[in-house]
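Biologist: I'm new to reading protein models. Could you walk me through a few features?

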Amino acid sequence: MTTVSNTQNSSIGTREAAFSKLQEHFEQARHLKMRDLFAQDKERFQRFSLQFEDVLLDYSKNLISSETMTLLLELARASNVESWRDRMFHGEKINDTEHRAVLHVALRNRSDNPINIDGEDVMPAVRSVIAHMSEFAGRVRSGDWTGYTGERITDVVNVGIGGSDLGPKMVYEALKPYRHSATKAHFISNIDGAHTEEILEELNPETTLFVVSSKTFTTQETITNANTARSWFLASAGDEAHIAKHFVAVSTNREAVIEFGIDPENMFEFWDWVGGRYSLWSAIGLSIMILVGEENFTALLDGAHAMDNHFATAPLGQNMPVILAMLGVWHNNFFGAETHAILPYDHYLRSLPMYLEQADMESNGKSVDRDGHHVNYNTGPIVWGATGINGQHAFYQLIHQGTKMIPADFIASIQTHSKLKLQHDIMMSNFFAQTEALMRGRTLEETCAAIEASGLNVDDVRDRLPHMVFEGNHPSNTILLNKLTPYSLGLLVALYEHKIFVQGIVWNLNSYDQWGVELGKQLAKQILDEIESADTSAPHDSSTHNLISYYLKRRQQRAEKRDG
């Protein structure tokens, strides 16, 4: 592996030495067999597991030894993870391309400690917004806030895109057992009109509240969908004055919010040091607070704050986010694993993989380092996943017997919200079995023994034997929650946020910008002008030019056929 470039705040010699030691160690470690490691060390689970509050992390089913972990932690120190961590918590502008602080930790700071940016404590403003959210959410939940006809609000629609959608949706689904029984949730993000129409047709304009989340209030997808919802509402309500009872905004653009028809008293602020994919803790979480209540939203913040404190103070060898991060570096940069699977065995966590796809890949999907140099090593992995039981009947075949290493995080809760205890036990038996199967595999001898135990003759199925052998030795982490609660969800999400941060530091990346999304947006705006004017004279490559022309021609033919 080629080493990561140096930064002004780390010694290139120390960093290169740490990578060199790991590379030398890898030549032996690549031949490790987890079966042997467990057989040789009866205390392996105790040695390679860690509990923090409601979260147990078992990382013993990885291709690691004590020496591996020692060398990985040396790399973390050589990368100045501790120093960068402290700089983030102290409000320094570590998002250097945008000259911004990175302070999602301030949004859930439950202590009395100040957090300063440019000498100003941001906590009074954070607490003020939370109080504003609480007051408004309480009125909606109690029925004190009514629609224009005096009916109570029964449906809340979150209109956003990216983190303004994925975060609230993931948390709402995870905390559905805690939701307000009289209020239903809906999420509009897709610019595909079918998505918006499908949701609107279920709603009553007299009892629907829209939460429009856009920092600038100019985001194309969000504002287009918000304007569609506005037109749908006015088709029934008529008077634009009624908009103020059915639309609120999470934004910083007061003028645009007022122009839309929203009362500025119902605009909820957040700040440029809140990244979209780290924003569910901010006013972006307004729909969460309405749906699950202030107490549960506060517990969510409390859980995240507890993980923040753990990350900020625990020694690296006992630091859960650091351990997860460095295991990912081990897989990514030494074994060449290109993907990482998130496999929750919990229906309520079904959107967690999608949420972490954005959080991770938008953060560390970079090929240019902090110093502006093109990297010559692997950075962020492809993150993907689905609920575990469904995955077992879909893509687990490839994980077990494919040709690629796919590290995976298995996530489950000991206690379930469901009354169907048998189903939970069946699910948990699969949860434990899959990580064991991935680690152990099944040898030819074991396969033959299993066939004989089933009453078959091995000679009768000998042609199948190669297909029934499992190589095993596939790495996984097991994350067990006591129960999926607002507090434990806060712990879990913050754990992954800090894991992503640590990996970004080791790879010398700015994990908090996302310039890669800009070019497509700019080109889309240009092409939309061409589509609306039916002018195809703008320069494009031959593929794009002909695709646009084909679309316009077929659209025109359809219009002529309809009008004719």
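This is a predicted model: local features need pLDDT of at least 70, side-chain atom pairs count only at pLDDT 80 or more; totals for chains, interfaces and linings use all residues.

Biologist: Which residue in β11 is the bridge partner of His 340?

Modeller: That's Val 383. To get from β10 to β11, the chain passes through helix α16 (residues 352-364), and this β-α-β crossover is right-handed.

Biologist: Now helices. Which residues of α9 are buried?

Modeller: Here's the general idea: an α-helix has 3.6 residues a turn, so residues three or four places apart point the same way. In α9 (residues 193-200), the buried residues are Thr 196, Ile 199 and Leu 200. Looking down the axis of α9, you'd find them within an arc of 95°, so they line one face of the helix.

Biologist: What covers the buried residues of α9?

Modeller: The cover includes β6 (184-188), β7 (208-213) and α10 (220-237).

Biologist: And which residue caps the N-terminal end of α9?

Modeller: Asp 192 does, with a side-chain oxygen 3.0 Å from the backbone nitrogen of Ala 194.

Biologist: What does the side chain of Asn 109 reach?

Modeller: The backbone oxygen of Asn 113, at 2.9 Å. There's also a polar contact of 2.7 Å between the side chains of Asn 109 and Ser 111. Leaving aside residues up to four places away in sequence, Asn 109 touches Ile 115, Met 123 and His 305.

Definitions and conventions
Residues are numbered from 1 along each chain as its sequence is written. Side-chain values use heavy atoms; hydrogens and water are left out. A polar contact is a pair of N or O atoms within 3.5 Å; within protein, one must be able to donate a hydrogen and the other to accept it, and residues adjacent in sequence count only if both atoms are side-chain atoms. Contact means heavy atoms within 4.5 Å. Buried means under 20% relative accessible area, exposed over 50%, partly exposed in between (1.4 Å probe, protein chains only). Helices (H or I, at least four residues) and strands (E, at least two) are DSSP runs, numbered from the N terminus. The arc is that of the directions from the helix axis to the C-beta atoms. Two strands pair if DSSP finds at least two bridges between them. A crossover is right-handed if, with the strands pointing away from the viewer, the path from the first strand over the helix to the second runs clockwise.
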